[in-house]
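Here is a short report on a metal site and some backbone geometry. Please keep the model open while reading.

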Amino acid sequence: MQEFATIIIDFDSTLVQVESLEDLADIALANADDRLERVQSIADLTNQAMTGTMGFDEALARRIPLLGARREHLTELVEVLKQKYTPSLLRNTAWFRANSERLYVVSGGFREFIVPVMEPLGFKPENIFANTFIFDDAGNITAADTANFLSQDDGKTKLLRHLNLPKPRLIIGDGFSDYQLRASGECEAFYVLTENINRSEVVKRADRVLASFDELLG
Ligand SMILES: [Mg+2]
């Protein structure tokens with residue numbers, strides 16, 4: 001791992017075991033009559049974005065209204081996600097802390113919950129890049145800020161081009177948007193993590209398949 005000056009890691013289904021917007025939907029829709037249908041629709045949209053059959057921007061814009069989420073739901077979400085760290089991340093926290101300067105989180109998820117979930121493990125808030133929510137005056141989440149590169153299709157590539165981080169750069173993730181960083185040349189290597197989910201469309205495009213973070217660090 002010493003050869004990489006920059007290591008970029010995805011959040012959903014990589015640093016945590018789940019897709020956080022699905023967990024946010026579970027919390028926000030706990031009492032909704034159409035809860036199951038809406039959670040399923042959100043999961044379907046996530047899968048389409050992660051396998052590359054729908055643009056990330058469209059999938060994100062369509063998921064947020066389905067969530068029905070409010071500011072106070074985020075506090076609960078952070079506590080839920082802290083129980084769902086990827087097991088091999090927790091086994092290797094000393095390494096992640098020791099390498100925090102060159103570790104970046106780049107996610108299509110949202111800063112409002114990723115920072116409080118990852119900061120306790122030593123990830124630097126200034127190295128965490130993610131979307132940001134827009135709230136109305138009543139505290140309802142109404143949209144993602146579309147000025148943020150990460151809300152856009154191939155947004156990770158756009159962000160990395162802007163950041164111009166030191167080379168060589170490795171991206172570790174589970175989804176199509178992670179592979180896009182390698183395809184665009186903004187990362188020199190793409191390792192797919194299959195510990196939480198195995199998407200064959202993504203795995204076949206990876207330079208290396210990691211069953212867990214243990215393989216990376218061992
Ligand atoms: Mg992911």
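Which protein donors does the magnesium ion have, and how far from it do they lie? They are Asp10 (OD), Asp12 (O) and Asp174 (OD), at 2.0 to 2.3 Å. Donors here are N, O and S atoms within 2.8 Å of the metal (3.2 Å for Na, K and Ca); water is not among the atoms, so sites may look incomplete. Along the sequence, the donor residues follow the spacing D-x1-D-x161-D. Aspartate 10 and aspartate 12 are both buried. Buried means under 20% relative accessible area, exposed over 50%, and partly exposed in between (1.4 Å probe, protein chains only).

This is a predicted model: local features need pLDDT of at least 70, side-chain atom pairs count only at pLDDT 80 or more, and totals for chains, interfaces and linings use all residues. Residues are numbered from 1 along each chain as its sequence is written, and side-chain values use heavy atoms, with hydrogens and water left out.

Now the backbone. Two non-glycine residues with positive phi are tabulated here.

A cis peptide bond links lysine 167 to proline 168, with omega about -5°.
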